[in-house]
Amino acid sequence: MEQLYGPVRDYAWGSRSAIAELQGRPVPSDGPEAELWLGAHPGAPATVDRDGGRVSLLDLLAADPGHWLGAQVLDRFGPRLPFLLKVLAAEAPLSLQVHPDAEQARAGYAADCARADGPRNYVDPYHKPELLVALTPFDALCGFRDPAVSAAALASFGVPALAPVVKALADGESGLREAVRLLLGWPAAQRAGLVGSVVAAPVTGPDAALVRELAARYPDDPGVLVALLLHRVRLAPGEAIWMPAGNLHAYLRGAGVELMAASDNVLRCGLTPKHVDPVELLRILRFDVLDDPVVAARSVVPGVVTWPVPVDDFVLYRVAGTAGSAEVRLPVPGPRVVLCVAGTVTVGDDAGGVTLRCGEAAIGTAEAGPLIVGGPGEAFVAAVGLR
């Protein structure tokens, strides 16, 4: 194992405290800090120490993929680290978005690359399912809820223009596509008036509060009303949500450890100043109710839990030790990344060991044998989900 240094992305919705506090830096930070990236994604690869300087993990992996990935991972995913570990810290809502599945990503990327002006929606040919475990109380919108509940919420505002949307939702799941199409297709000149009428309605309750919160930032954005079709999920620290391909979602506030397939394919339809493509989003969006986006942790051995997900790109473990506790041995195949989120932990393998303080990370190669984690702190371990 050796220390890994991740870049911090400064997206406007980022927190000025969460990542800085995790890493023991002064608070508030100089600017918003949205995501800490710990992987080999070309957009912001992490680095390791080499010969008195720091070298990109992406370059090291490209130079010797077999050493870093191992034969099994190389055969399944090619010469790339298939996962990306992040710390996500949201002080303001992220965009209303969806990610493609593997087939959609391949086809979309090929079509986008054939465009004369370059890729528009798909920046790589990979899917992007993601798992997020809360570090702080975390607020999110995740997947479609029961259309009857959404219909009642929209009807309660008493805005006549929403009647066709309410009618579509009355058809249940079969009406979700039409409801979203109507909301996203609202004429631009009338959007501010529609959202304003909903905000001004004499209605109280969680749905009304959500609309007013979002409209304060995006007063003419139809995504404010699309948000009412989704589950509002509030996670306590240690709870997790799983976002498979095709599910509409938006993270609102909080900090968490996020593990995903190493892709940057995002289709947006609202709550953002970035490029939106409602037509393409409607094409790949899944119009079925997500019964429960929360995924329960499963104990592996004492002090270790995981959150089972139906992909083999990644697996995430949380190791929570106590003073004087025995070391934990994890026979994870392929490369592994460890992030300390509390106290200190020691991580080691056949190549050596390193002590991590809160906010520090380490990486090990596929050829280094089982991972050993010890110490009184708490850490997350990201690895490939192959068995």
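1. Ala34 lies in the loop between α1 and β3. This is a predicted model, and in it Ala34 is buried, with a relative accessible area of 0%. Ala34 and Tyr11 are 23 residues apart along the chain, yet their C-alpha atoms are separated by 5.5 Å.

2. The loop that holds Ala34, between α1 and β3, also holds Pro28. In the DSSP numbering, α1 covers 18–22 and β3 covers 35–38. The peptide bond that leads from Val27 to Pro28 is cis, and its omega is near 0 degrees. As background, most peptide bonds are trans.

3. The overall architecture may be set out next. The protein contains 11 helices and 24 strands. Its radius of gyration is 22 Å, close to the 21 Å that the globule rule gives for 387 residues, so the protein is as compact as a globular protein of that length. Along the principal axes, the C-alpha atoms fill a box of roughly 65 × 50 × 40 Å. Of the 387 residues in the protein, 55% are buried.

4. Two residues deserve a remark on backbone geometry. Most residues other than glycine have a negative phi. Asp51, however, has a positive phi, near 50 degrees, and Leu271 has a positive phi as well, near 60 degrees. Asp51 belongs to the loop between β4 (47–50) and β5 (53–56), while Leu271 belongs to the loop between β13 (267–270) and α11 (278–284).

5. Are Asp51 and Leu271 buried or exposed? Asp51 is exposed, with a relative accessible area of 83%. Leu271, at 1% relative accessibility, counts as buried. The cut-offs behind these words are over 50% for exposed and under 20% for buried.

6. How many salt bridges does the structure hold? The count is 17. Side chains of opposite charge can pair when their charged atoms come close. The next points describe individual pairs.

7. Arg145 is buried, with a relative accessible area of 13%, whereas Asp207 is partly exposed at 24%. The reason for the label given to Arg145 is that its 13% relative accessibility falls under the 20% limit for buried residues.

8. A spatial reference for Arg145 is given by Ala107. The two residues are 38 residues apart in sequence, and their C-alpha atoms are 29 Å apart in space.

9. Helix α9 also supplies Glu213, which forms a salt bridge with Arg232. The closest N and O atoms of this pair are 3.7 Å apart. Since Arg232 lies in strand β10 (residues 230–235) and Glu213 in helix α9, the pair ties together parts that are 19 residues apart in sequence. Both partners are partly exposed: Arg232 has a relative accessible area of 27%, and Glu213 has one of 24%.

10. A further salt bridge joins Arg286 to Asp288, with the closest N and O atoms 3.2 Å apart. Arg286 is partly exposed, with a relative accessible area of 39%. Asp288 also counts as partly exposed, at 25% relative accessibility. Elsewhere, salt bridges that share partners join Asp139, Glu213, Arg232 and Arg253 into one network.

11. Which residues gather in a patch of negative charge on the surface? They are Asp146, Glu173, Asp291 and Asp292. Asp146 is found in the loop between β9 (138–144) and α5 (147–155). It is partly exposed, with a relative accessible area of 41%. Arg145 lies in this loop between β9 and α5 too, but Arg145 is buried at 13% relative accessibility.

Note on methods
Residues are numbered from 1 along each chain as its sequence is written. This is a predicted model: local features need pLDDT of at least 70, side-chain atom pairs count only at pLDDT 80 or more; totals for chains, interfaces and linings use all residues. Side-chain values use heavy atoms; hydrogens and water are left out. Patches are made of residues with over 30% relative accessible area and no salt bridge: like charges are joined within 9 Å, nonpolar side chains (Val, Leu, Ile, Met, Phe, Trp, Tyr) within 5 Å. Accessible areas come from the Shrake-Rupley method with a 1.4 Å probe; for residues, only the protein chains shown count as cover. A salt bridge is a side-chain nitrogen of Lys or Arg within 4 Å of a carboxyl oxygen of Asp or Glu. Lys and Arg count as positive and Asp and Glu as negative; His and the chain ends are not counted. The place of a charge is taken as NZ of Lys, CZ of Arg, CG of Asp or CD of Glu. Helices (H or I, at least four residues) and strands (E, at least two) are DSSP runs, numbered from the N terminus. Buried means under 20% relative accessible area, exposed over 50%, partly exposed in between (1.4 Å probe, protein chains only). The radius of gyration is taken over C-alpha atoms; the globule rule is 2.2 Å times the number of residues to the power 0.38.
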